[in-house]
Amino acid sequence: MSPILIGAFSAFWLGILTSISPCPLATNIAAISYLGKQVQNTKTVLANGFLYTIGRTATYVVLAVVAVTSILSVPELSFFLQRYMSKLMGPILIAVGLVLIEVVRPPSFGVAIGEKIQARAQRGGIWGAGALGMLFALSFCPTSAALFFGSLIPLAIDSKSVVVLPGLYGLGTALPVFAFAVLIALGARSIATVFQRLSALEVWARRITGAVFILIGIYFCWTYIFA
Amino acid sequence: MPKNEPGTERMKPRIVIAIVAAIGVLLSLAVFVQSSGKPGKTQPQNTVQNTANSADQVHHSKIIAYYFHGTVRCMTCRKIESLSHDVVASDFMAQLKTGDLEWHAVNLDLPENTHFIRDYQLVARSLVLVKYENGKQTGYKNLQEIWRLVNDEKAFRKYIKGELQAALGSG
(Lines give C-alpha, C1' and ligand atoms only; values in the text may rest on other atoms or scores of the structure.)
Protein backbone atom coordinates (compact mmCIF):
# COMPACT_ATOMS: atom_id res chain seq x y z
CA MET A 1 0.00 0.00 0.00
CA SER A 2 1.35 3.45 -0.90
CA PRO A 3 2.28 5.92 1.88
CA ILE A 4 -0.51 8.27 0.71
CA LEU A 5 -3.15 5.57 1.15
CA ILE A 6 -1.72 4.51 4.52
CA GLY A 7 -1.84 8.15 5.67
CA ALA A 8 -5.42 8.54 4.41
CA PHE A 9 -6.56 5.34 6.09
CA SER A 10 -4.78 6.31 9.35
CA ALA A 11 -6.44 9.75 9.39
CA PHE A 12 -9.89 8.22 8.80
CA TRP A 13 -9.28 5.57 11.47
CA LEU A 14 -8.14 8.23 13.98
CA GLY A 15 -11.45 10.00 13.34
CA ILE A 16 -13.43 6.82 14.01
CA LEU A 17 -11.36 6.16 17.16
CA THR A 18 -12.21 9.68 18.36
CA SER A 19 -15.89 9.13 17.70
CA ILE A 20 -16.19 5.77 19.46
CA SER A 21 -14.11 6.65 22.54
CA PRO A 22 -16.11 7.26 25.76
CA CYS A 23 -14.87 10.83 26.14
CA PRO A 24 -17.11 12.53 23.51
CA LEU A 25 -20.04 10.25 24.35
CA ALA A 26 -22.23 13.07 25.71
CA THR A 27 -21.92 15.23 22.60
CA ASN A 28 -22.36 12.18 20.34
CA ILE A 29 -25.65 11.33 22.07
CA ALA A 30 -26.80 14.94 21.55
CA ALA A 31 -25.74 14.79 17.89
CA ILE A 32 -27.49 11.43 17.27
CA SER A 33 -30.63 12.77 18.91
CA TYR A 34 -30.53 15.99 16.84
CA LEU A 35 -29.83 14.30 13.50
CA GLY A 36 -32.52 11.69 13.97
CA LYS A 37 -35.27 13.92 15.33
CA GLN A 38 -37.06 14.65 12.04
CA VAL A 39 -38.15 11.05 11.62
CA GLN A 40 -41.06 11.92 9.36
CA ASN A 41 -38.77 12.90 6.53
CA THR A 42 -35.90 10.55 5.70
CA LYS A 43 -34.40 13.07 3.27
CA THR A 44 -34.15 15.67 6.04
CA VAL A 45 -32.44 13.16 8.35
CA LEU A 46 -29.91 12.46 5.58
CA ALA A 47 -29.48 16.20 4.85
CA ASN A 48 -28.94 16.85 8.57
CA GLY A 49 -26.33 14.10 8.70
CA PHE A 50 -24.60 15.39 5.58
CA LEU A 51 -24.40 18.96 6.91
CA TYR A 52 -23.28 17.76 10.35
CA THR A 53 -20.46 15.86 8.63
CA ILE A 54 -19.54 18.89 6.48
CA GLY A 55 -19.56 21.14 9.58
CA ARG A 56 -17.20 18.84 11.49
CA THR A 57 -14.93 18.24 8.51
CA ALA A 58 -14.62 21.95 7.63
CA THR A 59 -13.82 22.81 11.26
CA TYR A 60 -11.02 20.25 11.49
CA VAL A 61 -9.56 21.39 8.16
CA VAL A 62 -9.58 25.06 9.28
CA LEU A 63 -8.07 24.12 12.66
CA ALA A 64 -5.34 22.07 10.99
CA VAL A 65 -4.49 24.94 8.62
CA VAL A 66 -4.42 27.38 11.56
CA ALA A 67 -2.29 25.00 13.65
CA VAL A 68 0.25 24.41 10.88
CA THR A 69 0.48 27.82 9.22
CA SER A 70 -0.19 30.40 11.94
CA ILE A 71 2.06 31.71 14.67
CA LEU A 72 -0.22 30.09 17.27
CA SER A 73 1.54 27.15 18.90
CA VAL A 74 -0.24 23.81 18.69
CA PRO A 75 -0.06 23.18 22.49
CA GLU A 76 -1.56 26.60 23.26
CA LEU A 77 -4.35 26.17 20.69
CA SER A 78 -5.13 22.68 21.98
CA PHE A 79 -5.33 23.65 25.65
CA PHE A 80 -7.24 26.85 24.88
CA LEU A 81 -9.97 24.85 23.13
CA GLN A 82 -10.00 22.12 25.82
CA ARG A 83 -10.33 24.68 28.62
CA TYR A 84 -12.87 27.10 27.21
CA MET A 85 -15.06 25.24 24.72
CA SER A 86 -16.09 22.62 27.28
CA LYS A 87 -17.16 25.42 29.61
CA LEU A 88 -19.16 27.21 26.92
CA MET A 89 -20.86 24.01 25.77
CA GLY A 90 -23.13 23.68 28.82
CA PRO A 91 -24.93 27.04 28.51
CA ILE A 92 -25.13 26.70 24.69
CA LEU A 93 -26.67 23.21 24.86
CA ILE A 94 -29.20 24.29 27.48
CA ALA A 95 -30.19 27.30 25.36
CA VAL A 96 -30.61 25.16 22.20
CA GLY A 97 -32.58 22.58 24.20
CA LEU A 98 -34.97 25.26 25.47
CA VAL A 99 -35.59 26.44 21.90
CA LEU A 100 -36.24 22.86 20.76
CA ILE A 101 -38.86 22.21 23.44
CA GLU A 102 -40.35 25.65 22.72
CA VAL A 103 -39.89 27.05 26.21
CA VAL A 104 -38.03 30.04 24.81
CA ARG A 105 -38.28 31.54 21.36
CA PRO A 106 -35.41 33.10 19.48
CA PRO A 107 -35.66 36.89 18.98
CA SER A 108 -37.64 37.85 15.89
CA PHE A 109 -37.23 40.88 13.67
CA GLY A 110 -40.54 41.73 12.05
CA VAL A 111 -43.59 39.53 12.22
CA ALA A 112 -43.47 37.61 8.93
CA ILE A 113 -39.71 37.01 8.84
CA GLY A 114 -39.65 36.40 12.59
CA GLU A 115 -42.27 33.69 12.38
CA LYS A 116 -40.37 31.95 9.62
CA ILE A 117 -37.10 32.09 11.57
CA GLN A 118 -38.89 30.91 14.68
CA ALA A 119 -40.55 27.99 12.95
CA ARG A 120 -37.27 26.99 11.33
CA ALA A 121 -35.33 27.28 14.59
CA GLN A 122 -37.89 25.19 16.44
CA ARG A 123 -37.74 22.54 13.77
CA GLY A 124 -33.99 22.83 13.96
CA GLY A 125 -33.48 23.66 10.28
CA ILE A 126 -30.81 21.65 8.50
CA TRP A 127 -28.31 24.49 8.77
CA GLY A 128 -28.48 23.94 12.51
CA ALA A 129 -26.92 20.51 11.92
CA GLY A 130 -23.92 22.13 10.23
CA ALA A 131 -23.50 24.59 13.10
CA LEU A 132 -23.81 21.73 15.57
CA GLY A 133 -21.08 19.83 13.73
CA MET A 134 -18.78 22.86 13.99
CA LEU A 135 -19.56 23.41 17.67
CA PHE A 136 -19.04 19.76 18.63
CA ALA A 137 -15.82 19.57 16.61
CA LEU A 138 -14.44 22.54 18.55
CA SER A 139 -15.36 21.11 21.95
CA PHE A 140 -12.23 19.03 22.42
CA CYS A 141 -12.15 16.49 25.20
CA PRO A 142 -8.84 14.87 26.28
CA THR A 143 -9.16 11.95 23.85
CA SER A 144 -10.09 14.01 20.80
CA ALA A 145 -7.36 16.58 21.62
CA ALA A 146 -4.75 13.82 21.92
CA LEU A 147 -5.79 12.14 18.69
CA PHE A 148 -6.24 15.35 16.65
CA PHE A 149 -3.37 17.51 17.91
CA GLY A 150 -1.07 14.69 19.00
CA SER A 151 -1.53 12.16 16.20
CA LEU A 152 -3.33 13.69 13.21
CA ILE A 153 -1.49 17.04 12.98
CA PRO A 154 1.98 15.39 13.00
CA LEU A 155 0.71 12.88 10.39
CA ALA A 156 -0.67 15.73 8.23
CA ILE A 157 2.63 17.63 8.48
CA ASP A 158 4.69 14.53 7.64
CA SER A 159 2.43 13.72 4.68
CA LYS A 160 2.32 17.40 3.58
CA SER A 161 -1.47 17.11 3.52
CA VAL A 162 -2.95 19.80 5.75
CA VAL A 163 -6.36 19.71 4.06
CA VAL A 164 -7.10 16.15 2.87
CA LEU A 165 -6.01 14.20 5.97
CA PRO A 166 -7.82 16.48 8.49
CA GLY A 167 -10.84 16.27 6.16
CA LEU A 168 -10.75 12.47 6.29
CA TYR A 169 -10.36 12.66 10.07
CA GLY A 170 -13.50 14.86 10.20
CA LEU A 171 -15.42 12.33 8.08
CA GLY A 172 -14.30 9.57 10.45
CA THR A 173 -15.54 11.48 13.51
CA ALA A 174 -18.97 12.15 11.96
CA LEU A 175 -19.83 8.94 10.11
CA PRO A 176 -20.50 6.59 13.08
CA VAL A 177 -22.79 9.24 14.63
CA PHE A 178 -24.52 9.86 11.29
CA ALA A 179 -25.03 6.14 10.64
CA PHE A 180 -26.43 5.57 14.12
CA ALA A 181 -28.83 8.53 13.78
CA VAL A 182 -30.15 7.20 10.45
CA LEU A 183 -30.66 3.70 11.90
CA ILE A 184 -32.52 5.05 14.92
CA ALA A 185 -34.67 7.36 12.77
CA LEU A 186 -35.57 4.54 10.35
CA GLY A 187 -36.30 2.15 13.23
CA ALA A 188 -38.49 4.66 15.04
CA ARG A 189 -40.25 5.52 11.80
CA SER A 190 -41.05 1.87 11.08
CA ILE A 191 -42.53 1.41 14.55
CA ALA A 192 -44.50 4.67 14.30
CA THR A 193 -45.84 3.71 10.86
CA VAL A 194 -47.10 0.40 12.22
CA PHE A 195 -48.95 2.20 14.99
CA GLN A 196 -49.97 5.10 12.67
CA ARG A 197 -48.41 7.65 15.01
CA LEU A 198 -45.91 9.27 12.66
CA SER A 199 -46.86 12.91 13.28
CA ALA A 200 -46.99 12.39 17.06
CA LEU A 201 -43.53 10.79 16.88
CA GLU A 202 -42.17 13.89 15.15
CA VAL A 203 -43.31 16.12 18.03
CA TRP A 204 -41.99 13.75 20.69
CA ALA A 205 -38.68 13.27 18.86
CA ARG A 206 -38.13 17.05 18.97
CA ARG A 207 -39.09 17.24 22.65
CA ILE A 208 -36.83 14.32 23.54
CA THR A 209 -33.98 15.96 21.60
CA GLY A 210 -34.55 19.20 23.52
CA ALA A 211 -34.56 17.31 26.83
CA VAL A 212 -31.36 15.44 25.85
CA PHE A 213 -29.68 18.77 25.04
CA ILE A 214 -30.74 20.29 28.37
CA LEU A 215 -29.58 17.25 30.38
CA ILE A 216 -26.23 17.11 28.59
CA GLY A 217 -25.91 20.89 29.01
CA ILE A 218 -26.48 20.51 32.77
CA TYR A 219 -23.88 17.70 32.80
CA PHE A 220 -21.36 19.97 31.03
CA CYS A 221 -22.08 22.92 33.39
CA TRP A 222 -21.72 20.67 36.42
CA THR A 223 -18.55 18.93 35.23
CA TYR A 224 -16.64 21.79 33.64
CA ILE A 225 -17.89 24.89 35.47
CA PHE A 226 -19.23 24.07 38.94
CA ALA A 227 -17.32 20.89 39.91
CA MET B 1 -66.24 37.64 32.81
CA PRO B 2 -63.13 38.29 30.69
CA LYS B 3 -61.56 35.23 29.13
CA ASN B 4 -57.85 34.62 29.00
CA GLU B 5 -56.24 34.70 25.58
CA PRO B 6 -55.66 31.25 24.11
CA GLY B 7 -52.40 29.79 25.34
CA THR B 8 -52.03 32.26 28.23
CA GLU B 9 -52.50 29.60 30.89
CA ARG B 10 -49.99 27.34 29.16
CA MET B 11 -47.52 30.20 28.97
CA LYS B 12 -47.18 30.47 32.74
CA PRO B 13 -45.19 27.29 33.39
CA ARG B 14 -43.18 28.04 30.26
CA ILE B 15 -42.24 31.46 31.58
CA VAL B 16 -41.23 29.96 34.92
CA ILE B 17 -39.07 27.31 33.20
CA ALA B 18 -37.57 29.94 30.92
CA ILE B 19 -36.69 32.20 33.86
CA VAL B 20 -35.17 29.30 35.85
CA ALA B 21 -33.21 28.19 32.79
CA ALA B 22 -32.03 31.73 32.06
CA ILE B 23 -30.83 32.11 35.66
CA GLY B 24 -29.03 28.75 35.38
CA VAL B 25 -27.34 29.69 32.11
CA LEU B 26 -26.34 33.15 33.42
CA LEU B 27 -25.02 31.61 36.66
CA SER B 28 -22.96 29.10 34.68
CA LEU B 29 -21.52 31.87 32.54
CA ALA B 30 -20.77 33.99 35.62
CA VAL B 31 -18.95 31.12 37.37
CA PHE B 32 -17.13 30.34 34.10
CA VAL B 33 -15.97 33.95 33.65
CA GLN B 34 -14.97 34.23 37.32
CA SER B 35 -13.10 30.92 37.38
CA SER B 36 -11.25 31.81 34.17
CA GLY B 37 -9.64 34.80 35.80
CA LYS B 38 -8.68 33.52 39.24
CA PRO B 39 -5.87 31.21 40.36
CA GLY B 40 -6.56 27.51 40.72
CA LYS B 41 -7.35 25.54 43.84
CA THR B 42 -4.86 24.20 46.34
CA GLN B 43 -2.35 21.88 44.83
CA PRO B 44 -3.30 18.24 45.23
CA GLN B 45 -0.97 15.55 46.54
CA ASN B 46 1.64 14.17 44.23
CA THR B 47 1.84 17.41 42.28
CA VAL B 48 5.27 18.70 41.46
CA GLN B 49 5.86 22.43 41.84
CA ASN B 50 8.09 22.83 38.80
CA THR B 51 10.98 21.29 36.95
CA ALA B 52 13.64 23.34 38.73
CA ASN B 53 12.50 22.21 42.19
CA SER B 54 12.68 18.61 41.13
CA ALA B 55 16.09 19.11 39.62
CA ASP B 56 17.39 20.73 42.81
CA GLN B 57 16.68 17.57 44.75
CA VAL B 58 18.55 15.37 42.28
CA HIS B 59 22.06 14.22 43.09
CA HIS B 60 22.53 11.59 40.38
CA SER B 61 21.07 10.47 37.08
CA LYS B 62 17.42 9.63 37.26
CA ILE B 63 14.18 9.53 35.35
CA ILE B 64 11.00 11.30 36.39
CA ALA B 65 7.80 9.92 34.88
CA TYR B 66 5.31 12.78 34.76
CA TYR B 67 1.66 12.01 34.20
CA PHE B 68 -0.02 15.27 33.20
CA HIS B 69 -3.76 15.44 33.84
CA GLY B 70 -6.47 18.09 34.17
CA THR B 71 -8.93 18.92 36.93
CA VAL B 72 -11.62 17.01 35.04
CA ARG B 73 -10.42 13.47 34.46
CA CYS B 74 -12.03 11.47 31.68
CA MET B 75 -12.48 7.70 31.78
CA THR B 76 -9.66 7.06 29.30
CA CYS B 77 -7.38 9.51 31.16
CA ARG B 78 -7.92 7.56 34.40
CA LYS B 79 -7.20 4.29 32.63
CA ILE B 80 -3.94 5.66 31.16
CA GLU B 81 -2.84 6.94 34.59
CA SER B 82 -3.79 3.73 36.37
CA LEU B 83 -2.09 1.40 33.86
CA SER B 84 1.06 3.54 33.65
CA HIS B 85 1.37 3.84 37.42
CA ASP B 86 0.79 0.11 37.77
CA VAL B 87 3.67 -0.66 35.37
CA VAL B 88 5.95 1.73 37.29
CA ALA B 89 4.99 0.33 40.69
CA SER B 90 5.08 -3.35 39.76
CA ASP B 91 8.00 -3.59 37.32
CA PHE B 92 10.28 -0.81 38.59
CA MET B 93 9.93 -1.00 42.37
CA ALA B 94 13.71 -1.35 42.85
CA GLN B 95 14.39 1.82 40.83
CA LEU B 96 11.65 3.67 42.75
CA LYS B 97 13.30 2.68 46.06
CA THR B 98 16.79 3.75 44.98
CA GLY B 99 15.47 7.04 43.56
CA ASP B 100 16.51 6.23 40.01
CA LEU B 101 12.88 6.59 39.01
CA GLU B 102 10.13 8.90 40.32
CA TRP B 103 6.45 9.12 39.49
CA HIS B 104 4.63 12.45 39.63
CA ALA B 105 1.05 13.25 38.67
CA VAL B 106 0.71 16.93 37.73
CA ASN B 107 -2.49 18.92 37.24
CA LEU B 108 -2.01 21.11 34.17
CA ASP B 109 -5.05 23.23 35.01
CA LEU B 110 -3.24 24.78 37.99
CA PRO B 111 -1.59 28.07 36.98
CA GLU B 112 1.74 27.10 38.55
CA ASN B 113 1.93 24.02 36.32
CA THR B 114 1.00 25.52 32.94
CA HIS B 115 4.69 26.01 32.07
CA PHE B 116 4.89 22.24 31.55
CA ILE B 117 2.72 22.70 28.43
CA ARG B 118 5.44 24.85 26.82
CA ASP B 119 8.35 22.93 28.35
CA TYR B 120 7.31 19.60 26.88
CA GLN B 121 5.10 20.85 24.01
CA LEU B 122 2.06 19.03 25.41
CA VAL B 123 -1.18 18.95 23.44
CA ALA B 124 -3.23 16.72 25.75
CA ARG B 125 -3.03 14.64 28.92
CA SER B 126 0.38 13.03 28.55
CA LEU B 127 2.98 10.73 30.03
CA VAL B 128 6.48 12.21 29.71
CA LEU B 129 9.78 10.65 30.79
CA VAL B 130 12.27 13.34 31.79
CA LYS B 131 15.95 12.55 32.25
CA TYR B 132 18.07 14.35 34.83
CA GLU B 133 21.85 14.11 35.20
CA ASN B 134 23.55 15.71 38.18
CA GLY B 135 20.52 17.85 38.87
CA LYS B 136 20.08 19.08 35.31
CA GLN B 137 17.44 18.09 32.81
CA THR B 138 19.18 16.54 29.83
CA GLY B 139 16.28 15.24 27.79
CA TYR B 140 12.69 14.13 27.69
CA LYS B 141 10.36 11.89 25.71
CA ASN B 142 6.60 12.32 25.38
CA LEU B 143 5.08 8.84 25.10
CA GLN B 144 2.72 9.72 22.26
CA GLU B 145 1.47 6.16 21.67
CA ILE B 146 -0.44 5.92 24.96
CA TRP B 147 -3.68 7.16 23.40
CA ARG B 148 -3.48 4.73 20.51
CA LEU B 149 -2.64 1.73 22.71
CA VAL B 150 -4.84 2.40 25.73
CA ASN B 151 -7.52 -0.04 24.60
CA ASP B 152 -4.97 -2.85 24.23
CA GLU B 153 -3.77 -3.33 27.80
CA LYS B 154 -1.04 -5.85 26.97
CA ALA B 155 0.47 -3.65 24.24
CA PHE B 156 0.14 -0.56 26.46
CA ARG B 157 2.04 -2.20 29.35
CA LYS B 158 4.71 -3.52 26.98
CA TYR B 159 5.14 -0.02 25.47
CA ILE B 160 5.47 1.74 28.85
CA LYS B 161 7.82 -0.93 30.19
CA GLY B 162 10.02 -0.79 27.08
CA GLU B 163 10.24 3.00 27.15
CA LEU B 164 11.09 3.01 30.87
CA GLN B 165 13.74 0.31 30.41
CA ALA B 166 15.27 2.27 27.53
CA ALA B 167 15.24 5.52 29.51
CA LEU B 168 16.71 3.94 32.66
CA GLY B 169 19.21 1.89 30.69
CA SER B 170 20.68 4.96 29.06
CA GLY B 171 20.66 6.93 32.31
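In which sense do strand β1 (residues 62-69) of chain B and β2(B) pair, and over how many bridges? The two pair in the parallel sense, over seven bridges; strands count as paired once DSSP finds at least two bridges between them. Within this pairing, Y67(B) has A105(B) in β2(B) as its bridge partner. What follows comes from a predicted model, in which local features need pLDDT of at least 70, side-chain atom pairs count only at pLDDT 80 or more, and totals for chains, interfaces and linings use all residues. Residues are numbered from 1 along each chain as its sequence is written, while chains are lettered from A and ligands numbered from 1 in the order in which they are written.

Staying with chain B, there are seven helices and four strands, and from the N terminus on they run α-α-β-α-α-β-α-β-β-α-α. Helices (H or I, at least four residues) and strands (E, at least two) are DSSP runs, numbered from the N terminus. The four strands form an open sheet in the order β2-β1-β3-β4, with mixed pairing. At the edges sit β2 (101-107) and β4 (136-142) of chain B, each pairing on one side only. On average, neighbouring strands here are turned by 25° against each other, direction ignored.

Two helices of chain B go with this sheet. Helix α3 (residues 75-91) of chain B lies across β1, β2 and β3 (126-133) of chain B and runs at about 160° to β1(B). Helix α7 (residues 153-169) of chain B packs on the sheet as well, touching β1, β2, β3 and β4 of chain B, and its direction makes about 15° with that of β3(B). Axes here are lines fitted to C-alpha atoms (for helices, over the stretch in contact), and angles run from 0 to 180 degrees between N-to-C directions. As for burial, 22% of the 171 residues in chain B are buried, that is, have 20 or more other C-beta atoms, placed from the backbone, within 10 Å of their own.

Next comes the meeting of the two chains, with 26 residues from chain B and 29 residues from chain A in the contact. Residues are in contact if their C-beta atoms, placed from the backbone, lie within 7 Å. On the side of chain B, the elements that give two or more residues are α1 (8-37), α3, α5 (115-119) and α6 (146-149), and α1(B) gives the most, with ten residues. By class, this side has 16 nonpolar, six polar and four charged residues; Ala, Val, Leu, Ile, Met, Phe, Trp, Tyr, Cys and Pro count as nonpolar, Asp, Glu, Lys and Arg as charged, and the others, Gly among them, as polar.

Over in chain A, helix α2 (residues 25-35) and helix α9 (residues 198-226) pack at an angle of about 165°, their axes 9 Å apart. α2(A) and α9(A) are therefore roughly antiparallel, the word for angles over 145 degrees. Their crossing is left-handed, meaning that the near helix is turned anticlockwise from the far one by less than a right angle. The contact of α2(A) with α9(A) has nine nonpolar, two polar and no charged residues.

A second pair in chain A is helix α3 (residues 42-69) with helix α8 (residues 164-194), whose axes come within 8 Å and cross at roughly 160°. That makes α3(A) roughly antiparallel to α8(A). The contact between α3(A) and α8(A) includes Y52(A) and R56(A) from α3(A), and Y169(A) and F178(A) from α8(A). Its residues divide into 15 nonpolar, six polar and one charged.

Notes. Parallel < 35°, antiparallel > 145°, perpendicular 65-115°, else oblique. Buried ≥ 20, exposed ≤ 12 C-beta atoms within 10 Å, placed from the backbone.
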